[in-house]
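Welcome to this short tour. Please open the structure in your viewer and keep the selection tool at hand.

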Amino acid sequence: MRLLLPPPVVVGIGLLLLYAGARLFPALNLTFSGQTSIAAVLLIAGLAIGGHALFRFVMAGTTFNPVTPDKARTLVTRGFYRVSRNPMYVADVLLLLAFGTYLGTATVFAVVPAFVWYLTEFQIRPEEEHLKRLFGQEYLDYCARVRRWI
């Protein structure tokens, strides 16, 4: 599998775009009651889901590195993986939403969908093809039970 950009780099670009959007387009910035609290909840949820997903990979003794899916040894299907095939990427979305909410930038409504599209096309779909080859029917059954995102 060949990636254009590893997911952590894509998250970093998303964070930079949100920051730039807040600074370059101040007319699109919003402030509202509870803004910081909502951002904190999104941040905590993203860190909790991402941490739990990472923990599941470590406990299964398999790779969590999105650049080396060929080193996968076990199909992880427990914990948040019962709800989403990609909880680490869901966590990334929550982190972007948290930062966009904290900044109050409406550019979040462009950046987050672009992030989801990019990751789906250039990371998740290639990962899925690799996992189909590696785990066969077990992975296909898992895909039939669990959605890609949520």
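This is a predicted model: local features need pLDDT of at least 70, side-chain atom pairs count only at pLDDT 80 or more; totals for chains, interfaces and linings use all residues.

Now hide the surface and show the cartoon. You will find five helices and zero strands. Following the chain along the sequence gives the pattern α-α-α-α-α. The radius of gyration is 17 Å, close to the 15 Å that the globule rule gives for 150 residues, so the protein is as compact as a globular protein of that length.

Next, look inside. Of the 150 residues, 41% count as buried. In soluble globular proteins, nonpolar side chains tend to be buried together.

Select L18, F115, L119 and W149. These are the residues with the most contacts inside the largest nonpolar core, which has 22 residues. Then colour α1 (7-24), α2 (35-60), α3 (87-103) and α4 (108-135), the elements that give two or more residues to this core. Its largest share, eight residues, comes from α3.

Zoom in on F115. Which residues is F115 in contact with, leaving aside its neighbours within four places in sequence? They are V10, V11, Y89, D92, V93 and L96.

For the last stop, select A53, A72, L131 and F135. They are among the 11 residues of another core, which lies apart from the largest one.

Methods
Residues are numbered from 1 along each chain as its sequence is written. Side-chain values use heavy atoms; hydrogens and water are left out. Helices (H or I, at least four residues) and strands (E, at least two) are DSSP runs, numbered from the N terminus. The radius of gyration is taken over C-alpha atoms; the globule rule is 2.2 Å times the number of residues to the power 0.38. Buried means under 20% relative accessible area, exposed over 50%, partly exposed in between (1.4 Å probe, protein chains only). A nonpolar core is a set of buried Ala, Val, Leu, Ile, Met, Phe, Trp, Tyr and Cys residues joined through side-chain atoms within 4.5 Å. Contact means heavy atoms within 4.5 Å.
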